[in-house]
Amino acid sequence: MTFGFFSNKKLLFDRWASSYDWLFPSVFYRAIHKRLLEYINLPKQVNVLDIGCGTGRLLERLASEFTALKGIGLDLSTNMLRMARLSNHHHPRLIFVEGKAESLAFADGQFDAVFSTISFLHYLEPQQVFNEIARVLSPGGYFYLVDITSKKDTEPQILPISPVELDSTALINVSF
Ligand SMILES: C[S@@+](CC[C@H](N)C(=O)[O-])C[C@H]1O[C@@H](n2cnc3c(N)ncnc32)[C@H](O)[C@@H]1O
């Protein structure tokens with residue numbers, strides 16, 4: 001059941017990958033990335049993870065803005081990652097690896113910030129993903145989450161995501 005779910009998602013995004021940056025929805029995704037940048041508050045030397053990174057557009061934008069940033073993009077889809085690597089202008093500062101958000105192959109406290117844009121809604125086990133994010137974030141690190149919701153909030157919200165890492169925060173409901 002779980003295996004079938006993951007393989008179906010992988011198939012869906014593998015098929016979408018070559019046209020992902022050219023189809024109409026990408027206009028929204030890019031606008032979301034641009035808007036998110038207005039809320040980011042990170043030091044110059046920063047180590048970030050983008051889960052469900054797709055074609056890597058957000059990390060490219062971040063690496064251009066923060067010139068000492070190091071980033072890892074993680075995604076389920078081999079083809080999305082292929083597109084991300086083809087347009088990676090910041091190698092080796094940026095690298096792209098295959099994996100699942102539910103089981104991150106990274107050390108505890110490895111990242112200063114974790115990003116997830118328009119991918120959280122696809123996760124089969126959201127609580128497990130939250131646990132993994134809290135684990136790989138350094139104390140005081142930030143989790144920036146953007147997803148599409150039906151709520152009409154106009155302002156982003158900052159929330160604690162873990163009773164252990166109270167400093168870790170989530171930025172949600174960025175509308176535009
Ligand atoms: C709509 S795309 C968003 C891509 C990118 N974050 C953006 O803002 O354009 C969703 C991405 O999440 C990835 N994804 C879905 N479920 C995943 C999972 N369990 N683990 C890792 N990546 C996943 C898909 O392969 C796809 O590339």
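User: Where is Ile118 found, and why is Ile118 called partly exposed?

Analyst: Ile118 is found in the loop between strand 4 and helix 5 (126–136), where helices (H or I, at least four residues) and strands (E, at least two) are DSSP runs numbered from the N terminus. A residue is buried if 20 or more other C-beta atoms, placed from the backbone, lie within 10 Å of its own, exposed if 12 or fewer, and partly exposed in between. Ile118 has 17 other C-beta atoms within 10 Å and is therefore partly exposed. The model is a predicted one, in which local features need pLDDT of at least 70 and side-chain atom pairs count only at pLDDT 80 or more, whereas totals for chains, interfaces and linings use all residues. Residue numbers start from 1 along each chain as its sequence is written.

User: Why does Gly109 count as partly exposed, and which residues does Gly109 touch?

Analyst: Gly109 has 13 C-beta neighbours inside 10 Å, so it counts as partly exposed. Gly109 lies in the loop between strand 3 and strand 4, and, not counting residues up to four places away in sequence, Gly109 touches Leu137, Ser138 and Pro139. Gly109 and Pro139 are 30 residues apart in sequence, but their C-alpha atoms are 6.9 Å apart in space.

User: What makes strand 1 and strand 2 a pair, and how is strand 1 joined to strand 4?

Analyst: Two strands pair if DSSP finds at least two bridges between them. Strand 1 and strand 2 have five bridges and run in the parallel sense, and here Asp50 stands opposite Gly73 in strand 2. From strand 1 the chain crosses through helix 3 to strand 2, in a β-α-β crossover that is right-handed, a name given if, with the strands pointing away from the viewer, the path from the first strand over the helix to the second runs clockwise. Strand 1 is also joined to strand 4 by three bridges, again in parallel, with Val48 opposite Ala113 in strand 4.

User: What makes strand 1 mostly covered, and which residues of helix 3 are buried?

Analyst: Four of the five residues of strand 1 are buried. In helix 3 the buried residues are Arg57, Leu58, Leu59, Glu60, Leu62 and Ala63, and what covers them includes helix 2 (25–37), strand 1 (47–51), strand 2 (70–75), strand 3 (94–98) and strand 4 (111–117).

User: What is meant by the largest nonpolar core, and which of its members touch the most others?

Analyst: A nonpolar core is a set of buried Ala, Val, Leu, Ile, Met, Phe, Trp, Tyr and Cys residues joined through C-beta atoms within 7 Å. The largest one here has 34 residues, of which Val48, Leu49, Cys53, Ala113, Val114, Phe143 and Tyr144 touch the most other members. Strand 5 (residues 137–146) gives this core its largest share, six residues.

User: Which residues come nearest to the ligand?

Analyst: Of the 21 residues around the ligand, those that come nearest are Phe13, Gly52, Gly54, Thr117 and Ser119, where a residue is near a molecule or strand if its C-beta atom, placed from the backbone, lies within 6 Å of it. Helix 1 (2–20) and helix 3 (57–65) are the elements that give two or more residues to this shell.

Definitions and conventions. Two residues are in contact if their C-beta atoms, placed from the backbone, lie within 7 Å.
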